[in-house]
Amino acid sequence: GTIAHSMVLEGGPGKVLVIDPEDYPAKNGNIPKGWTNDAIRTARDAARASGLIPVLPEDMVAVEALVGSVRAFIASLEKTEPAIWAAFQPGGGDSEITVTWQDGPTLCKIRPDRISADRRLIIDLKTTEKSANPAQWKADHTGAAFYRRGSKAEFGTEPDYVFLIAEQHPPYLCSLVGIDPHGMDMGAEKASFAL
């Protein structure tokens, strides 16, 4: 999920190290399946210690397939959801920007996955091992309302908030889930109470 997130939103895999089991045979010459011998586990642990995300080649292939599916889904939205499609076009929005603001005595921070250039839409990319079926997805009303609060404080907008959900298994189905006004109001009350 972390690698796919980086590839979709930031254009590259981020700090990833693909570790090939072929390069770490067991003492008897057998090629490990996954992280199953000391040599490949040592390479994995060294990658993590260096701030990298270790991944096996077959897992990287799956990530690339997931990313391809998400990109195709976004491309399919041009006519049906033009604001979401436009937010992912060059110059149409920003990924992973950090927004801070003072909310009364509390310093707050948000980091939208993708926010449109006009700051009127936030898209929250979620990868899941479960179903992307919108009827089975539970939206985070409070988090969405908090992000809207931050956008209002920083940009003067109260953006729509949409979850782009992508399954981590074939056929890598994607869907969109929005938050209705009542849900956003409930989330805003909870965010206010928490602050």
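Figure 1. Asp-45 is partly exposed, with a relative accessible area of 37%. Here buried means under 20% relative accessible area, exposed means over 50%, and partly exposed lies in between (1.4 Å probe, protein chains only). Arg-44 is buried, at 15%. The two side chains meet in a salt bridge, 3.0 Å from N to O. A salt bridge needs a side-chain nitrogen of Lys or Arg within 4 Å of a carboxyl oxygen of Asp or Glu. The structure holds seven salt bridges. This is a predicted model: local features need pLDDT of at least 70, side-chain atom pairs count only at pLDDT 80 or more, and totals for chains, interfaces and linings use all residues. Residues are numbered from 1 along each chain as its sequence is written, and side-chain values use heavy atoms, with hydrogens and water left out.

**Figure 2. Glu-96 forms a salt bridge with Arg-111.** The closest N and O atoms are 3.3 Å apart. Glu-96 lies in the loop between β3 (93-95) and β4 (99-103), and Arg-111 in the loop between β5 (106-110) and β6 (114-116), so the pair ties together parts 15 residues apart in sequence. Helices (H or I, at least four residues) and strands (E, at least two) are DSSP runs, numbered from the N terminus. Glu-96 is buried, at 14% relative accessible area. Arg-111 is partly exposed, at 37%.

**Figure 3. Asp-124 forms a salt bridge with Lys-126.** The closest N and O atoms are 3.7 Å apart. Asp-124 is buried, with a relative accessible area of 9%. Lys-126 is partly exposed, at 32%. Side chains of opposite charge can pair when their charged atoms come close.

**Figure 4. Helix α5 packs on helix α6.** Helix α5 spans residues 141-155 and helix α6 residues 181-194. They pack at an angle of about 75°, with axes 7 Å apart. That makes α5 roughly perpendicular to α6. Axes are lines fitted to C-alpha atoms, for helices over the stretch in contact, and angles run from 0 to 180 degrees between N-to-C directions. Angles under 35 degrees count as roughly parallel, over 145 as roughly antiparallel, 65 to 115 as roughly perpendicular and the rest as oblique. On the α5 side, His-141, Thr-142, Ala-144, Ala-145, Phe-146, Arg-148 and Arg-149 make the contact. They meet Gly-183, Met-184, Gly-187, Ala-188, Lys-190, Ala-191 and Ser-192 in α6. Contact means heavy atoms within 4.5 Å. By class, the α5 contact with α6 has six nonpolar, five polar and three charged residues. Ala, Val, Leu, Ile, Met, Phe, Trp, Tyr, Cys and Pro count as nonpolar; Asp, Glu, Lys and Arg as charged; the others, Gly among them, as polar.

**Figure 5. Helix α1 is mostly covered.** Seven of the nine residues in α1 (residues 2-10) are buried. They are Ile-3, Ala-4, His-5, Ser-6, Met-7, Val-8 and Leu-9. These buried residues pack against β1 (16-18), β2 (53-55), α3 (57-76), β3, β6 and β7 (121-128). Just after α1, Gly-11 takes a positive phi of about 85°.

**Figure 6. Pro-134 sits in the loop between β7 and α5.** At 41% relative accessibility, Pro-134 counts as partly exposed. Pro-134 touches Ser-175, Leu-176 and Val-177, not counting residues up to four places away in sequence.

**Figure 7. A cis peptide bond joins Pro-170 to Pro-171.** Omega is near 5°. Pro-171 lies in the loop between β8 (160-167) and β9. Tyr-172 lies in the loop between β8 and β9. Tyr-172 has a positive phi of about 60°, although it is not a glycine. At 11% relative accessibility, Tyr-172 counts as buried.

**Figure 8. Arg-119 has a positive phi of about 65°.** Arg-119 is not a glycine. Its place is in the loop between β6 and β7. At 16% relative accessibility, Arg-119 counts as buried.
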